[in-house]
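Here is a short briefing for a first look at this structure.

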Amino acid sequence: MLPAPFEYHAPRTVDEALDLLDQFGDDGKVLAGGQSLIPLLKLRFASPGHLVDINKIKDLDFIEERDGTLRIGPLFRHKSAERSALLASRYHVMADAAPMIADPIIRNRGTIAGSVAHADPSGDWGTVLLAIDADLVLRSKKGSRTVKARDFFNGPFSTSLEPTEILTEIRIPAAKAMTGGSYLKLERKVGDFATVAVAIHLRMDDGKVGSAGIGLTAVGPQNIKAEKAEASLKGVRLDDAAIKQAAALAAEAADPKADHRGSVEYKRNVVRVFTERGLKRASERARGGG
Amino acid sequence: MSVGQPITVSVNGEQRSAEVEPRLLLVHFLREKLRLTGTHIGCDTTHCGACTVLVDGTPVKSCTMLAVQADGQQVTTVEGLMTAGALHPIQAAFKEEHGLQCGFCTPGMMLTSVALLKDNPDPSEDDIRWAISGNICRCTGYMNIVKAVRSAAVQMKAAAEVPAATAAARS
């Protein structure tokens with residue numbers, strides 16, 4: 001399969017890339033890891049006139065914790081997340097998700113930012129960013145703006161990213177003490193999209209839940225932030241009753257469709273079970289275990 | 001209409017220059033422009049791993065990368081594994097351990113394995129299974145593939161130790 005013809009641009013700086021995107025408008029598209037975009041081009045689901053490849057721009061492949069914020073660059077690849085000691089130590093939900101993305105060869109090239117910008121409702125990183133309450137920095141020639149992950153997704157493959165913008169940085173509040181997380185994903189085989197996945201990011205505070213983030217994958221038209229479930233946990237002791245109630249609320253927030261991966265009832269039930277398990281795992285990790 | 005774009009790619013250690021359409025995929029560049037047909041096209045949708053090559057040492061599905069993106073980079077295909085007429089240890093091990101049946105997935109399997117062994121010279125069976133989980137063998141010959149990778153690891157380790165031991169014996 002061949003993509004439809006396009007012109008290829010490999011700018012060396014972000015400014016140059018933004019100039020090009022500004023010039024092309026709707027007809028331009030950013031190419032990062034390409035592990036979703038290139039298949040889309042081949043299937044002719046997308047046929048932009050201009051591809052702006054950002055892979056030749058230096059210094060976009062970074063992760064750093066600075067001034068109370070974890071910052072991730074647009075070329076930070078799944079493989080690097082999988083191997084990051086920083087993520088493994090305190091950002092469990094990200095460390096759990098990374099090795100569950102697609103397969104090892106795709107992880108060598110695909111990027112977190114690209115996956116988020118692609119906004120597949122079955123994509124994993126969007127859910128993780130919803131749970132962890134990330135901000136997304138969107139830059140265009142005219143300047144930059146910051147959008148909350150929860151305001152970023154508008155529906156299947158649809159976000160508030162303008163065609164003239166690049167997602168230049170993902171910002172995550174630095175994990176404080178007593179923070180734990182988990183990402184549980186049910187997939188039929190390696191490389192398949194999730195049947196269901198649940199992201200949990202939990203901060204404990206004096207034996208009670210300081211804040212809870214819960215994200216759901218593949219059970220709606222976009223990645224879902226289970227806000228009622230999150231609110232039900234705030235300030236409470238994380239006992240069995242609280243966990244059960246939050247899990248029931250998360251299952252209610254899910255809006256799955258029946259398909260070859262399972263029925264509506266089945267998927268909703270997996271959300272409930274994974275939320276329970278994820279909360280238990282996250283709270284153990286927050287206490288320094290597992 | 002897009003025009004040809006000049007690229008120079010180091011393929012198996014040789015500089016290869018061509019003018020390519022931007023939409024040309026790396027796998028087609030290798031197979032059709034360079035006639036290196038050892039790189040196979042399987043699913044053509046980023047699932048099967050048959051088209052895996054090494055780009056700057058990293059396994060990549062060459063059906064999911066544009067040839068223009070490889071400009072200035074080093075690509076290794078299965079044709080580049082042999083040195084001085086001798087099989088690469090991974091090739092010898094696949095032959096010895098019956099690590100292939102129809103052979104279609106074999107180039108991709110071997111290149112993924114070469115990268116694994118560079119990264120982790122002593123992988124466990126689990127490590128190997130994990131590493132090749134993006135390469136599908138339709139014959140389901142995984143048992144012998146895993147055995148072959150293990151065997152290559154042992155061979156390569158022994159080969160690396162021989163010169164060291166010889167040097168130690170001399171001193």
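Is strand β11 of chain A mostly covered or mostly exposed? It is mostly covered: of the eight residues in β11(A), seven are buried. Keep in mind that this is a predicted model.

**Strand β11 and its sheet in chain A**

- Strand β11(A) spans residues 179–186.
- Its partner β12(A) covers residues 196–205, and the two strands run antiparallel.
- Eight bridges join β11(A) to β12(A).
- Gly180(A) stands opposite Leu202(A) of β12(A). Lys185(A) stands opposite Ala197(A), also in β12(A).
- Both strands belong to an open sheet of four strands in chain A. The order is β11-β12-β13-β14, and the pairing is antiparallel.
- Why is one side of β11(A) and of β14(A) left without a neighbour in the sheet? These two strands stand at the edges and have a single partner strand each, so one side of each has no neighbour there. Strand β14(A) is residues 224–225.
- Strands of a sheet pair through backbone hydrogen bonds, in either a parallel or an antiparallel way.

**Extent of the interface between chains B and A**

- In chain B, 32 residues are in contact with 32 residues of chain A.
- About 2,600 Å² is buried between the two chains. Carbon and sulfur atoms give 59% of that area.
- On the chain B side, Arg23(B), Gln69(B) and Trp130(B) lose the most area to chain A. Together they account for 25% of what that side buries.

**What chain B brings to the contact**

- Three elements of chain B each supply at least two residues to the side that touches chain A: β4 (58–61), α3 (106–119) and α4 (125–131).
- The largest share, four residues, comes from β4(B).
- By type, the residues on this side of chain B are 12 nonpolar, 14 polar and six charged.

Note on methods: Residues are numbered from 1 along each chain as its sequence is written. Chains are lettered from A and ligands numbered from 1 in the order in which they are written. This is a predicted model: local features need pLDDT of at least 70, side-chain atom pairs count only at pLDDT 80 or more; totals for chains, interfaces and linings use all residues. Side-chain values use heavy atoms; hydrogens and water are left out. Contact means heavy atoms within 4.5 Å. Buried area is the accessible area (1.4 Å probe) that two parts lose on being put together, summed over both. Ala, Val, Leu, Ile, Met, Phe, Trp, Tyr, Cys and Pro count as nonpolar, Asp, Glu, Lys and Arg as charged, and the others, Gly among them, as polar. Buried means under 20% relative accessible area, exposed over 50%, partly exposed in between (1.4 Å probe, protein chains only). Two strands pair if DSSP finds at least two bridges between them.
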